[in-house]
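My notes follow in the order I worked.

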Amino acid sequence: MAKRFITYGIVGVAVASMALAGCSQSPSGSPSTTGSAPQIVTIYGTPTGNEGTQWEASWKAWAAANNITIQYTGDQNFTTNISTKIQGNALPDIAVFPQPGLMKSVIETGKVQQLDATTLATVKQNFSTDWQSYGTVSGQQYAVPLDASAKGYIWYSPAAFTAWGVTVPTTWADLMTLTDTIQQKTGQPVWCAGFNSGDASGWPGTDQLAEYVLSASGGQVYDQWVSGDVKFTDQPIADAFTAMGKILLDPKYVNAGFGDVASINSTAFGDVANALADGTCAMTNQATFLEASFATAKTASGATPTVGPTGDVWAFMMPPVAGTPSVVGGGDFAVAFTNSPAVQQVMNYLASGDYANSLITVPDATFITANKGVDVTKETDPLLAQAITTLKDPTTTFRFGAGDSMPSVVQQAWWKGTVDWINGVDQGTVLAQIQKSWADA
């Protein structure tokens, strides 16, 4: 599921601008369920195939009980085709957006409905102000947060940690000490990393840099960076590159199981699971979705690795550099283009704790959510339960990946700059080149 949140830039929406004043709020209502035909509500989003089927399963029972037929259409080219639908007024009742920047561009066309009073109250009850802010334009709330993803997990082997006599670190300083301790005990590189992802090569590195900036400098600086007010050449960002470089650019610490520092750029991002599973790599930084890659990985004995606190592999959230825990991740948001009573009822349900519980209990799915109404005990996967608990924690600062929230041209320059940095280009030169891309944004 979470692989969808590897989003590759904010796609511009070529739509005619309309005044936001054209968005009207209407009272909440419930469709009649007595002796009437089911009311149809259309939903359009990105999940297709098995994931799309799981998505439909998350609301199926509720829709049937409320005499509503939800017709879902998944489209891998959603970010391109939604603009065509807007221009042609061929709009679904509800669209599910994987990128807040793209969603806000669509909201600004004036064709999206503000949340009605009931749904607004449900969103405020169940989601933090961080999550609410992504669906807010000019002080009005338009979006319902749905599922989520969490990046910044440090994957490791619990058995290896026990054998080495080390424990999970609680601060970034402790993580660096741990890195040095493992290297001295093994005489081998500690970390493995893979930045190869075709045209989007470099994104795993930008994720890690964003995680450090948020943790070290906090939400305000992070937001100013995303908006361009804090430059890539400014100290907080330069400090992040320097700190991450102490791992990623040091041949003593990388690239375990693959080669030298330069091999980071030739290693596919999912392949690190193999090195971690067979013990050639001690730690790697990757999102919760890396769990899926272990299904095809093998331990040193040839078995499929188990994932869990006492399993072959497990993960902990990147420890904070400073302050309280922070999470860089992603998520989906629902917005409505129509405001019939049935659509309003669906939107309110999607914001509810009942829906959150249905979402995380879809068989074989790996959905997580930041909805405060979710009962985390219903999640049987320990990693996903841990991620949900972190996302729900009121002290956790959450932000979308910085690159996914910046203009596409900047994100792409950052990917390229990260690849260049790994290849040995001077940090100052790299930062200056990335910053220049803002002129074309």
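These entries go through the domains, the salt bridges and the disulfide.

**Ground rules.** I am working with a predicted model, in which local features need pLDDT of at least 70 and side-chain atom pairs count only at pLDDT 80 or more, while totals for chains, interfaces and linings use all residues. I number residues from 1 along each chain as its sequence is written, and side-chain values use heavy atoms, with hydrogens and water left out.

**Entry 1: domains.** I looked up the division first: domain 1 covers 39-150 + 330-400, and domain 2 covers 153-327 + 404-440. These bounds come from an automatic or database domain assignment. I find the two C-alpha centres 29 Å apart.

**Entry 2: the interface.** How many residues of domain 1 are in contact with domain 2? I get 15, and they touch 20 residues of domain 2; contact means heavy atoms within 4.5 Å. The area buried between the domains is about 1,600 Å², with 57% of it from carbon and sulfur atoms. Buried area here is the accessible area (1.4 Å probe) that two parts lose on being put together, summed over both. On the side of domain 1, A150, L383 and R399 lose the most area to domain 2, together 38% of what that side buries.

I also looked for polar contacts, meaning pairs of N or O atoms within 3.5 Å; within protein, one must be able to donate a hydrogen and the other to accept it, and residues adjacent in sequence count only if both atoms are side-chain atoms. Six residue pairs across the interface qualify, both residues at pLDDT 80 or more. The elements giving two or more residues to the side of domain 1 that touches domain 2 are helix 13 (382-392) and strand 11. Helix 13 gives the most to that side, with seven residues. I take helices (H or I, at least four residues) and strands (E, at least two) as DSSP runs, numbered from the N terminus.

**Entry 3: salt bridges.** My rule asks for a side-chain nitrogen of Lys or Arg within 4 Å of a carboxyl oxygen of Asp or Glu. That gives five salt bridges, and one crosses the interface of domain 1 and domain 2.

I looked at R399 next. Its side chain meets that of D223 at 2.8 Å, N to O, and that of D130 at 3.1 Å. R399 in strand 11 (residues 397-400) and D130 in helix 5 (residues 129-133) are 269 residues apart. D130, D223 and R399 are linked in a network of salt bridges. Is R399 buried or exposed? At 11% relative accessibility, R399 counts as buried, and D130 does too, at 17%. For me, buried means under 20% relative accessible area, exposed over 50%, and partly exposed in between (1.4 Å probe, protein chains only).

K151 and D404 pair at 3.9 Å, N to O. K151 lies in the loop between strand 6 (143-150) and strand 7 (153-156) and D404 in helix 14 (residues 402-405), so they tie together parts 253 residues apart in sequence. Both K151 and D404 are buried.

K416 and D420 meet at 2.9 Å. They sit four residues apart in helix 15 (residues 408-422), about one helical turn. K416 is exposed at 54%, while D420 is partly exposed at 22%.

**Entry 4: disulfide.** I searched the whole structure and found one disulfide, taking a pair of cysteine sulfur atoms within 2.5 Å as the rule. C192 and C281 form it, with their sulfur atoms 2.2 Å apart. The torsion about the S-S bond is about -80°, so the disulfide is left-handed. Both cysteines, C192 and C281, are buried.
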